[in-house]
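Biologist: Please show me how to read a few features of a protein model. I would like the general idea each time, then the case at hand.

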Amino acid sequence: MTAYKSSLLRLLETRGYIHQATDAEALDALAEKGVVAAYVGFDATAPSLHVGNLVQIMMLRRLQQAGHRPVVLMGGGTTKVGDPSGKDEARQLLTSEQINANIASIRRVFEMLLKFGDGPTDAILLDNADWLDGLAYVPFLRDVGRHFTINRMLTFDSVKLRLDREQPLTFLEFNYMILQAYDFLELSRRAGVRLQMGGSDQWGNIVNGIDLGRRIDGAELYGLTTPLITTADGAKMGKTASGAVWLNADQLSPYDYWQFWRNTADADVGKFLKLFTDLPLDQIAMLEKLQGADINQAKVALATAATALLHGEEAARTAADTAKTTFEGGAGDDLPTLQLSEGLTIAQALTSLGFTASNGEAKRKVAEGAVRLGDVAVTDPAMPATAGKLSLGKKKHGLLVK
């Protein structure tokens with residue numbers, strides 16, 4: 001481990017957030033000397049962010065915990081372009097009204113995890129549409145575009161990936177990296193931001209912004225990225241067979257969110273406790289030592305602590321109590337429910353609850369003997385659904401109600 005002097009970098013390193021930094025020694029000195037304003041950008045392509053975004057949100061939380069100022073940058077402007085990073089095709093373009101509605105919905109998550117206000121370490125939320133929407137094209141090209149070479153832009157992974165796969169990359173998307181670099185310049189001017197944080201796939205974009213700030217304003221800016229967070233089986237964090245793990249409660253219930261963390265692989269528990277909870281490191285060290293069936297205690301601690309941060313203590317307790325009741329054979333109050341309708345089959349009910357992606361998958365699960373209605377195994381996917389607890393395997397449970 002690097003012997004950092006600032007509480008910020010020590011906190012980030014001990015909890016596993018640091019992958020790369022542009023000038024770690026200078027950033028460490030800056031953070032030790034005073035309050036650092038740092039930002040992470042989030043595009044508003046949906047009404048909710050998902051678990052794949054959570055490590056960046058937690059970075060902002062750690063920043064505030066260490067006495068610095070988090071800046072949440074919503075991409076009201078860049079969402080109109082679309083980040084090509086990691087994408088094989090262009091995103092569907094959204095209207096300004098859709099983007100603004102998404103930003104309002106997404107903001108609720110940040111209000112749970114950060115303290116907003118006017119104090120020196122209080123978080124602020126800005127929207128890059130405030131400066132990008134008003135740019136005059138030719139002056140922008142003259143003032144900013146001249147600092148970027150096509151030769152260098154073609155070396156970026158977000159561009160190379162699409163070109164290597166012979167997938168179209170629109171000129172609109174090609175501009176994204178310039179706009180993101182310009183965001184850093186604007187934030188340094190408007191809010192005194194000195195640090196941009198992001199995932200490892202954003203390294204090139206962050207370096208672009210640092211370079212632009214130096215060229216135009218002579219600003220000393222810094223970048224810090226997190227490692228790509230994957231699960232023990234190599235899957236990308238937040239991607240499951242049933243879809244994205246959304247952060248907003250109206251997109252994914254607190255109970256289902258709790259269950260996502262409860263189902264963490266044994267090998268990931270310690271890492272996720274450090275990244276996604278506020279539990280003290282000495283307590284996490286004790287939980288990491290648990291072996292065999294006792295590891296489930298650590299998973300429950302992870303699920304409850306992570307859910308409490310996002311949805312509140314009461315929702316976390318309710319989810320934990322419901323899970324305990326369910327696994328002991330009862331039916332908790334917080335299980336997902338489905339209103340019965342005439343002609344509804346068991347296969348359709350499984351799909352409607354989100355337990356299976358299609359009726360075909362539901363039929364296969366029934367054939368595998370993985371489905372129960374109450375305490376009775378379901379053998380016919382076309383069987384009419386009746387009121388009771390419907391279970392798929394040991395971890396997915398829902399209530400069918402009249």
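Biologist: Which side chain meets that of Lys271 in a salt bridge?

Modeller: A salt bridge is a side-chain nitrogen of Lys or Arg within 4 Å of a carboxyl oxygen of Asp or Glu. Here Lys271 is joined to Asp268, at 4.0 Å from N to O. Note that this is a predicted model, in which local features need pLDDT of at least 70 and side-chain atom pairs pLDDT 80 or more, while totals for chains, interfaces and linings use all residues. Residues are numbered from 1 along each chain as its sequence is written, and side-chain values use heavy atoms, without hydrogens and water.

Biologist: Is Asp268 buried or exposed?

Modeller: Buried means under 20% relative accessible area, exposed over 50%, and partly exposed in between (1.4 Å probe, protein chains only). Asp268 is buried because its relative accessibility is 4%. Lys271, at 34%, is partly exposed.

Biologist: How many salt bridges does a search of the whole structure find?

Modeller: The search gives 14. One of them links Glu368 to Lys365, with the closest N and O atoms 3.8 Å apart. Glu368 is exposed at 56%, whereas Lys365 is partly exposed at 25%. Salt bridges also link Glu186, Arg189, Arg190 and Asp217 in a network.

Biologist: Why are Arg107 and Glu111 separated by about one helical turn?

Modeller: Helices (H or I, at least four residues) and strands (E, at least two) are DSSP runs, numbered from the N terminus. Arg107 and Glu111 are about one turn apart because they lie four residues apart in helix α4, residues 96-113. Their side chains form a salt bridge of 2.7 Å, N to O.

Biologist: Which strands pair with β6, and in which sense?

Modeller: Two strands pair if DSSP finds at least two bridges between them. Strand β1 (residues 20-21) pairs with β6 in the antiparallel sense over two bridges, and Ala21 stands opposite Leu224. Strand β5 (residues 193-199) pairs with β6 in the parallel sense over five bridges; there Leu195 faces Tyr222.

Biologist: Why is β6 largely enclosed by the rest of the structure?

Modeller: Five of the five residues of β6 (residues 222-226) are buried, so the strand is largely enclosed. Tyr222, Leu224 and Thr226 are buried on one side, and Gly223 and Thr225 on the other.

Biologist: Where is Pro336 found?

Modeller: Pro336 sits in the loop between α16 (313-327) and β9 (337-339). The C-alpha atoms of Pro336 and Gly398 are 5.0 Å apart, although 62 residues separate the two along the chain.
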